[in-house]
Amino acid sequence: RSTFLKNIIRDNTGRAGVVCVDAAEPNFQENNITTNETANVLVETMANPHFTKNKIISGPTYGILIDNKGIGTFGENEVVQNGDSGVMVRGGDPSFTSNTIYRNANCGVEVTALGMGKFKENSVLENFSSGFFVYNGGNPDLDKNRVANNKSYGVFVTEKGLGHYHHNHIHGNLDVNFAVASESTPLVEHNFIYDGAKAGIGCFDSSIGRFFRNNVYGNTFAGAYVTENAIPVFEENEIHHQIDGYGIWVYGAGVPRIINNQIHSNSVANVAVSETGTPHIEGNHIFTSEGYGVWYYSEGNQGGKGLL
């Protein structure tokens with residue numbers, strides 16, 4: 001197995017700065033990989049390289065592109081200030097552990113085209129769009145990551161996206177911390193989702209999703225909102241202390257199941273149902289709001305419905 005150690009790999013104008021194909025398994029350690037066309041690093045066709053403690057920076061497009069059944073193990077790298085997303089997984093199944101992925105011009109990480117990947121204990125910060133963008137059947141596993149201060153969503157799962165999202169800290173993002181849309185079905189459990197500038201969780205556009213045993217707090221506007229025919233399940237979460245808003249807000253034909261949650265101490269209402277929202281609300285402990293415990297109200301002529 002070849003090892004590349006402490007090199008500067010820059011300004012190449014072919015397919016990428018580093019290209020790993022055809023089941024190759026090289027090691028790259030402590031290199032500076034920068035300003036290469038197409039991608040700083042390209043991995044495809046069952047290649048399984050190991051990248052450790054490299055700086056992958058300032059590429060005009062992707063920092064790392066995993067394409068066409070690429071694999072690869074990436075640990076303790078810095079993926080910074082690339083001109084598109086820091087990491088693009090397009091049909092591959094890599095492993096990323098303890099990397100810092102920040103200040104990229106698009107997303108921190110994109111997973112698409114049935115791509116997978118294991119992402120554990122990474123810091124995905126201050127990217128100019130979403131921290132993680134999962135779409136078109138993407139199906140990653142996110143465990144113990146910090147996803148914070150991104151300029152759009154923290155995690156956005158859409159276009160029939162999947163994935164398992166557990167034990168992450170998702171906070172301080174400038175749009176919704178965790179958003180689900182377009183018939184997507186993620187499993188979201190045991191996360192801390194807090195200090196979002198717009199909401200903790202947003203479910204819309206016929207999304208499904210299961211939210212189990214998350215701690216959702218300190219978000220502006222709502223801990224979770226459900227609209228546009230979304231049918232998520234919220235079970236055994238603690239949803240509390242949202243700022244200037246609701247614990248859970250259901251409106252616009254949202255149809256969630258809200259079961260056995262602790263929903264408390266939210267400033268306007270713990271649960272609010274307006275327009276054509278139709279939730280099923282069962283077995284919850286709903287208490288100590290500064291405003292309403294459960295608030296059914298009308299906007300125009302369409303009041304809230306549902307089973308309580």
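Where does threonine 45 lie, in terms of the strands around that loop? Threonine 45 sits in the loop between strand S6 (39–43) and strand S7 (50–52), and a legend below returns to this residue. Please keep in mind that this is a predicted model, in which local features need pLDDT of at least 70, side-chain atom pairs count only at pLDDT 80 or more, and totals for chains, interfaces and linings use all residues. Residues are numbered from 1 along each chain as its sequence is written, and side-chain values use heavy atoms, with hydrogens and water left out.

**Figure 1. The whole chain, for orientation.**
The protein has zero helices and 39 strands; helices (H or I, at least four residues) and strands (E, at least two) are DSSP runs, numbered from the N terminus. The C-alpha trace spans about 65 × 30 × 30 Å along its principal axes. A compact globule of 308 residues would have a radius of gyration near 19 Å, and the 21 Å of the protein agrees with that. The radius is taken over C-alpha atoms, and the globule rule is 2.2 Å times the number of residues to the power 0.38. Of the 308 residues, 55% are buried. Here buried means under 20% relative accessible area, exposed over 50%, and partly exposed in between (1.4 Å probe, protein chains only).

**Figure 2. Two loop residues with positive phi.**
Most residues other than glycine have a negative phi. Lysine 6, which is not a glycine, has a positive phi of about 60 degrees. You will find lysine 6 in the loop between strand S1 (3–5) and strand S2 (8–10), and it counts as exposed because its relative accessibility is 57%. Threonine 45 also has a positive phi, near 45 degrees. With 25% relative accessibility, threonine 45 counts as partly exposed.

**Figure 3. Inside the nonpolar cores.**
A nonpolar core is a set of buried Ala, Val, Leu, Ile, Met, Phe, Trp, Tyr and Cys residues joined through side-chain atoms within 4.5 Å. The largest one has 50 residues, and Ile64, Phe178 and Ile201 have the most contacts inside it. A second, separate core of 24 residues includes Ala39, Leu42, Tyr62 and Cys107. Leaving aside residues up to four places away in sequence, isoleucine 201 touches, among others, Val176, Phe178, Ile193, Phe211 and Phe234. Contact means heavy atoms within 4.5 Å.

**Figure 4. Around arginine 257.**
Arginine 257 belongs to strand S34 (residues 257–259) and is partly exposed, with a relative accessible area of 39%. Beyond residues up to four places away in sequence, arginine 257 touches Pro232, Val233, Phe234, His280 and Glu282.

**Figure 5. Around histidine 167.**
Histidine 167 is in the loop between strand S22 (164–166) and strand S23 (169–171). With a relative accessible area of 39%, histidine 167 is partly exposed. The C-alpha atoms of histidine 167 and phenylalanine 192 are 7.2 Å apart, while 25 residues separate them along the chain. Not counting residues up to four places away in sequence, histidine 167 touches Asp143, Lys144, Asn145, Glu189, His190 and Asn191.
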